[in-house]
Amino acid sequence: MERLEKTRRILREDPIGDWKEPMERVRRAILTRVPPMPRPIPAWRRQVSLPLPLAVLAAVILIALGVSSALSIARSNLGFVKITKAPAGGTEYQFAVPVDKVEALLKSVGGGDTGLEAVLTLPKNVKLVPVGAPRMGKETEFSRKKP
Amino acid sequence: MRKRSVVVPLLLTLAVAGAHAQETEADPKEALQQLLSKALSVTISARVLPSDAQGDTPIWNAASTKLTIPGRSIKVRLDGDNVRIYLICTPYLQEDGEVLLVAQGQVWLTQPTDKEVKYSSTFYSIPLSFGEKVLFFPLGLSNAEEQNKDFYNIELEIKIVPYEEK
């Protein structure tokens, strides 16, 4: 008991040293051993792994979509021309143009310069409906009975 | 120097034009005869026909004959309640004496169910002999399956002959 009291006295009399510096040293030592926390990667820099066939398929689909949408935009903006050979040796030209370019097309083919030669008025009671694409050809090409 | 470069071509142009005018004034009868010898008579007949099941007699027809020269177009317009059709025909003479018909068909159509107007334009170039008939179906040609339906066909017939018989 006396020895214990003696030790306690010694410890009380012993001045407390500067503990902050050793603590800081220990903290730094711990931090150097702990692996650093990974920094968050932005979504556009993240990488994913895909099987090669799937990646090729995705690329093909993307290219096909891109080409078809480009064609569709080009058709709607620029129109298209279809040229076919008629059986009688003639040639048929089909144009599809946006409405705002119809006037320019007509002018370019000389339609705007043509004077109006004749007007025929259809009977009032006849409602005409389209039954197909416009067709033109020699009379012999059409099997339809003539009046 | 600059003035001269403008005046000289101008005088030359006037001289050529004057000479040309004198040339045409010299023999107008001959020029007219030459023009008429190349003139073409274009007849466009329009018909509205019932479907084949109902007979072949047209319920309406009209015709227009116009005189033209090769390279100059003839335009015919058909006006209906819900349709407007333009047919522009330009005949050209070929080296072998045959005719090349360049035709443009334009259709403006309003369907009763639609509020929009549909437009279609088609070009054709057809080599022909004189007197050979060409048919144009601006709204298409009905086929056998559709013959029982109650609708009409509209057809335009084009015939080109020389104005002066040789």
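Met136(A), setting aside neighbours within four places in sequence, is in contact, meaning heavy atoms within 4.5 Å, with Glu141(A) and Phe142(A) in its own chain and, in chain B, with Leu87(B), Ala103(B), Tyr124(B), Ile126(B), Val134(B), Leu135(B), Phe136(B) and Ile158(B). A word on conventions: this is a predicted model, in which local features need pLDDT of at least 70 and side-chain atom pairs count only at pLDDT 80 or more, while totals for chains, interfaces and linings use all residues. Residues are numbered from 1 along each chain as its sequence is written, chains are lettered from A and ligands numbered from 1 in the order in which they are written, and side-chain values use heavy atoms, with hydrogens and water left out.

Met136(A) also belongs to the largest nonpolar core, which has 35 residues. By nonpolar core I mean a set of buried Ala, Val, Leu, Ile, Met, Phe, Trp, Tyr and Cys residues joined through side-chain atoms within 4.5 Å. Buried is under 20% relative accessible area, exposed is over 50%, and partly exposed is in between, with a 1.4 Å probe and protein chains only. The residues with the most contacts inside that core are Met136(A), Ile44(B), Leu78(B), Leu87(B) and Ile158(B).

Next, the aromatic rings. How many aromatic pairs does a search of the whole structure find? Three, over all chains. Rings of Phe, Tyr and Trp (its six-membered ring) pair if their centres lie within 6.5 Å; planes under 30 degrees apart count as stacked, over 60 as edge-to-face, and the rest as tilted. One of the pairs is Phe142(A) with Phe137(B), edge-to-face at 4.9 Å centre to centre and 70 degrees between the planes. This pair crosses between chains, from the segment after β4 (135-138) of chain A to strand β7 (residues 133-137) of chain B. Both Phe142(A) and Phe137(B) are buried. Another edge-to-face pair is Tyr124(B) with Phe136(B), at 6.1 Å centre to centre and 65 degrees between the planes. Tyr124(B) lies in strand β6 (residues 117-128) of chain B and Phe136(B) in β7 of chain B, so this pair ties together parts that are twelve residues apart in sequence. Tyr124(B) counts as buried at 2% relative accessibility, and Phe136(B) counts as buried at 0%.

Now the sheet. Helices (H or I, at least four residues) and strands (E, at least two) are DSSP runs, numbered from the N terminus, and two strands pair if DSSP finds at least two bridges between them. Five strands form an open antiparallel sheet, in the order β4(A)-β7(B)-β8(B)-β1(B)-β2(B). Its edge strands are β4 of chain A and β2 (60-68) of chain B, each pairing on one side only.

Going through the pairings, β7(B) and β8(B) are antiparallel over four bridges, with Val134(B) and Ile158(B) as bridge partners. Strand β8 (residues 152-162) of chain B is mostly covered, with eight of its eleven residues buried. Eleven bridges join β8(B) to β1(B), and here Val42(B) stands opposite Ile160(B). Strand β1 (residues 40-50) of chain B is joined to β2(B) by nine bridges, and Arg47(B) has Asn61(B) as its bridge partner.

Last, chain A as a whole. Chain A has four helices and four strands, running α-α-α-β-β-α-β-β from the N terminus on. Of its 147 residues, 16% count as buried.
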